[in-house]
Amino acid sequence: MSGVQHTTPTHNVNSTGEPVWLRRTLIGIALVFVGLFLILPLAAVFTEALRKGVDAFVEGLKEPDAWSAIKLTLTITAIAVPLNLVFGVSAAWAIAKFEFRGKALLTTLVDLPFSVSPVVAGLIYVLVFGAQGWFGPWLQAHDVKIIFAVPGIVLATVFVTFPFIARELIPLMQAQGNEEEQAAMVLGANGWQIFWRVTLPNIKWGLLYGVILCNARAMGEFGAVSVVSGHIRGQTNTMPLHVEILYNEYQSVAAFAVASLLALLALVTLVIKSVVEWKQQRLMAELAALTPERPVVG
Amino acid sequence: MSIEIRNISKQFGDFHALRNVNLDIASGELVALLGPSGCGKTTLLRIISGLETADQGSIAFSGEETTHVHVRERQVGFVFQHYALFRHMTVFENVAFGLRVRPKHTRPTEAAIQKKVHDLLNLVQLDWLGDRYPSQLSGGQRQRIALARALAVEPRVLLLDEPFGSLDAKVRKDLRRWLRRLHDDLDVTSIFVTHDQEEALEVADRVVLINSGKVEQVGSPQQVWDNPANPFVYGFLGDVNLFKGRTPEGETHTYIRPHDLDVRRYSPGDTGIVARLERALVVGSVARLELIPNDDNATSDVIEAEIPANEYRDQHYVEGELLVLTPRKSQVFVTQSA
């Protein structure tokens, strides 16, 4: 816009009053931090994985135990994430839309897996379902294996990743209130229709982000799974466990090869998250530009 | 569709929102529930709709017991104070919602839904906004869409919760008139909640005054204005001057409306209320006078009087002058001494 006069000197101070050199210093420090603790290790993983060339990289991944570890991780995640999707959405729905006795307790329980050490989480399941555990004798009598088998790993993973989806949704749903749901109810919609047509579209971005986080953590979980898995090669080894085994056996290229897959997952998660955020911001900006005074853009 | 409300009571914890409310609403009426914030009017509206359940009492629609019918079966239309439009759906889909969620055997065809929605959008004069999202509409437009959405399912009763509360004064006035005309065309029994007495008196067929969970008076706007049943109604509707006194029977409260006071310049020997003109404000065709009684035993501090602006100008009253006021009409309530 021509003809606009700036009357305050803005050449070295921005709108919040801090000098440019301070801004640059702080950003510089943040970048150094990110560089040292995030980018350098990630770069190191890929460098080490490809140290002996691409062929060795692929061999490391095709090795039967490595391959079954990859398959197991994908299986566990494919079970744990949908389960937590259902649990998370249900818990968030109950906490955000209803008043009931014990609501504060449920909210605290949702955060419990965050405050418990993953090793302790795994140990809990061993104590309950293990051979000497509470249900041990019953399980042995019915020939059901939970600990040192896939079900135990699923349980431990579900526990550890439970809060991600719920915590993402609860503040979102609370902020949105339940007036739209009430309106839908008065118009004759039943519970499922209200959820599917009104609630779900309103929370879809928060839900997607929660699922992405849950997925990343489910694939990368080490501590809890380590306790319950028994480390049986080819059967109960997930990718993170397999990386540990390979590294302990001085097969560093293979170890880094498998680790690089997990690192790749982290990068993919980051990209998806950025795309989701960018899309949301663009949506918001479009809607903000279309005020009632300017019903059409352009 | 008439509504019979019998002995409705509702408590929230220790707070009594409604106490033994009885009300009859005739078919096709437009009724206003009027009262101060927290008086229970919204709670009553929500109980009629089914969004809340009463602790005691019953609701009947045209004689049919409705107290325990779920809200989605009651076929009522509800317009929320903040519209509650579905933010991720277009205006068209918002209005079509009630028709789309019908069970398969009662759901209209797609063509029928299209026609109905367009008819409704035309009714509220917003057909050109069909593809917009609620966030792209102004407050007044959102309100009309919320109304169209409620009407789409052809409700037996239309309930509106402070429908014009969050709108500009000019928009409010226009929508008030528009709602009145719409009601006359549609002839649906309608109940709206408001704390704005001007709105209630201007729009409704009958006004129900509610205070602290109890019905204080029911009547046409003219009736409740001319014959207020008690001090609350008198004080709530319009401005009023209150004079307290004492008689052998007990304490008296005398209510006089500002426009029921005759104003003259004071000369010694005049009978009436002698007061000093503190401030005068000429607004349109009316002069609002603020007066302080010239009496040390005065039991009211500021007296408000209203006279035609022409009279004020002709008389050339000056601030600080002594004037004498004579009431043309007043109402006295006596509180019996124990």
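**View 1. The end of helix H11 of chain A and the residue that follows.** In this predicted model, helix H11(A) is followed by Tyr250(A), whose phi is positive, near 60°; helices here are DSSP runs of H or I with at least four residues, strands are DSSP runs of E with at least two, and both are numbered from the N terminus. Helix H11 covers residues 239–248 of chain A and is mostly covered, since seven of its ten residues are buried, where buried means under 20% relative accessible area, exposed means over 50% and partly exposed lies in between, with a 1.4 Å probe and protein chains only. The buried residues of H11(A) are Met239(A), Pro240(A), Leu241(A), His242(A), Val243(A), Ile245(A) and Leu246(A). Residues are numbered from 1 along each chain as its sequence is written, while chains are lettered from A and ligands numbered from 1 in the order in which they are written. Local features need pLDDT of at least 70 and side-chain atom pairs count only at pLDDT 80 or more, whereas totals for chains, interfaces and linings use all residues, and side-chain values use heavy atoms, with hydrogens and water left out.

**View 2. Chain B as a whole.** The secondary structure of chain B comes to nine helices and 18 strands, and its C-alpha trace spans about 85 × 50 × 30 Å along the principal axes. Of the 338 residues in chain B, 49% are buried.

**View 3. The hairpin of strands E1 and E2 in chain B.** Strand E1 (residues 3–12) of chain B pairs with E2(B) in the antiparallel sense over seven bridges; two strands are taken to pair if DSSP finds at least two bridges between them. The two strands form a hairpin with two residues between them, and Gly13(B) in the turn has a positive phi of about 65°. Within this pairing, Ile5(B) has Leu23(B) in E2(B) as its bridge partner. Strand E2 spans residues 15–25 of chain B and includes Asn20(B), which has a positive phi of about 50° although it is not a glycine. Asn20(B) is partly exposed, with a relative accessible area of 49%.

**View 4. The loop between strands E9 and E10 of chain B.** Ser212(B) lies in the loop that joins strand E9 (206–211) to strand E10 (214–219) of chain B. Although Ser212(B) is not a glycine, its phi is positive, at about 50°, and at 42% relative accessibility this residue counts as partly exposed.

View 5. A cavity is defined on a 1 Å grid over the protein atoms alone, as a set of points where a 1.4 Å probe fits but cannot get out, and lining residues have an atom within 4 Å of a point. Residues that line the largest cavity include Val79(B), Gln143(B), Arg144(B), Phe164(B) and Trp178(B). Helix H4 (139–151) and H5 of chain B each supply at least two residues of this lining. By class, the lining has eight nonpolar, one polar and one charged residues, with Ala, Val, Leu, Ile, Met, Phe, Trp, Tyr, Cys and Pro counted as nonpolar, Asp, Glu, Lys and Arg as charged, and the others, Gly among them, as polar.

**View 6. Arg181 in helix H5 of chain B.** Arg181(B) lies in helix H5 (residues 169–186) of chain B and, at 54% relative accessibility, counts as exposed. Its C-alpha atom is separated by 9.5 Å from that of Val203(B), which is 22 residues apart from Arg181(B) along the chain.

**View 7. Two open antiparallel sheets of chain B.** Three strands form an open sheet in the order E11-E12-E18 (chain B), with antiparallel pairing, and its edge strands, E11 (241–247) and E18 (331–336), each pair on one side only. Strand E12 (residues 250–256) of chain B pairs with E18(B) over six bridges, and His253(B) stands opposite Phe333(B) in E18(B). E13(B) and strand E17 (residues 322–327) of chain B pair over five bridges, with Leu325(B) in E17(B) as the bridge partner of Val263(B).

Methods: 1 Å grid on protein atoms, 1.4 Å probe; cavity = no way out; pocket = protein on both sides within 12 Å on 5 of 7 lines; lining within 4 Å.
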